[in-house]
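Dear colleague,

Please find below the structure that I am handing over to you.

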Amino acid sequence: MKNMMTLDKKAQATTELAVFGSLILICLAVLVSYGQSLQEQQILQQQAFRNALKKAYNDNAFSSYNIVKNPRTVNLFGGFGEGGRSSTSSGASVAWCLGTSAETSYYEVNEDEINIPSGSKIIDVESQANTGYTAQETQFEDPNAATSSKQATLTDTITTRMKVDGGSDIVVTQGLDTDGRYRQAAVGKEVTKQKVWTTPH
Amino acid sequence: MKNKKAQVTLETALVFVALIMLLSGSVNIWLWFNRNLAERQPPFNQTRVAAGSTNVGQWPVSSQRPLTEQWVFQGR
């Protein structure tokens, strides 16, 4: 009976640590990820307004500039070096013209700028993603030390579809580049992360 | 029985140290986000006139402070 009680107490402490430790880790990851989103949102708001200002001045027009981005964020449930994909957007419109004004519209989808044809109206933006992730873990032991290595390869493709009112959709396909940003030139690119460490015996 | 109790206390103490380190690192990352937000707004405000006259649509207006190991572990 005494032994059973002791075992119960040990199991209780371990279970509590396992449960609350995981909860704390999840809370921290959510907080860090939230901070990252706030930061991206502030950058986009500032950038959208400045870019709209520039376009309106250059085009002598009423310009609208929209930015759609998919920043990579912390992901506790992902594999080694995988991270997660989030989505954030912002837009601004500026009228700056002398005489007759034109009306121009631009979409910056991740790292690519798309000029929306005059007269076209975007009514919806949808995106689909295709992710491929492979990871490999190896350990080599000799009499002096154990050398471990982790390697992961990630390919991520996002297809953004801008629905045009009464016209054909504008489709932008982008791949994940080594700097963590998506661009058209990086479609099919593999991003590799590697870590090697030695533990002496 | 006494030894077993001590073992649980010891295990909890060890895990607690790791948790405190993790918490402190996360708080420092949050402070880094907070500092970045605060540091990005003044240059944006200060370049407003230039963005509408001499240097139209000036962007970017500030550089991001890098997140270093020193910042995460020591907070500076």
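Rings of Phe, Tyr and Trp (its six-membered ring) count as a pair if their centres lie within 6.5 Å. Please note that the model is predicted. Over all chains, the structure holds 3 aromatic pairs.

One of them joins A:Tyr57 and A:Trp96: the ring centres are 4.8 Å apart and the planes stand at 50°, so this pair is tilted. It links distant parts of chain A, since A:Tyr57 belongs to helix H1 (residues 2–59) and A:Trp96 to strand S4 (residues 88–96), 39 residues apart. A:Tyr57 is partly exposed, with a relative accessible area of 45%, and A:Trp96 is partly exposed at 27%.

Another pair, B:Trp32 with B:Phe33, is also tilted, at 5.3 Å centre to centre and 55° between the planes. Both B:Trp32 and B:Phe33 are buried.

Charges also sit over rings in chain A. The charged end of A:Lys55 lies over the ring of A:Tyr106, 4.6 Å from its centre, while that of A:Lys195 lies over the ring of A:Trp197, 5.3 Å from its centre.

As to chain B, its secondary structure consists of 3 helices and 0 strands, in the order α-α-α along the sequence. Its radius of gyration is 22 Å, well over the 11 Å that the globule rule gives for 76 residues, so chain B is more spread out than a compact globule. Along the principal axes, its C-alpha atoms fill a box of roughly 80 × 15 × 15 Å. Buried residues make up 22% of the 76 residues in chain B.

With kind regards

Definitions and conventions:
Residues are numbered from 1 along each chain as its sequence is written. Chains are lettered from A and ligands numbered from 1 in the order in which they are written. This is a predicted model: local features need pLDDT of at least 70, side-chain atom pairs count only at pLDDT 80 or more; totals for chains, interfaces and linings use all residues. Side-chain values use heavy atoms; hydrogens and water are left out. Rings of Phe, Tyr and Trp (its six-membered ring) pair if their centres lie within 6.5 Å; planes under 30 degrees apart count as stacked, over 60 as edge-to-face and the rest as tilted. Helices (H or I, at least four residues) and strands (E, at least two) are DSSP runs, numbered from the N terminus. Buried means under 20% relative accessible area, exposed over 50%, partly exposed in between (1.4 Å probe, protein chains only). A charge sits over a ring if NZ of Lys or CZ of Arg is within 6 Å of the ring centre and within 35 degrees of the ring normal. The radius of gyration is taken over C-alpha atoms; the globule rule is 2.2 Å times the number of residues to the power 0.38.
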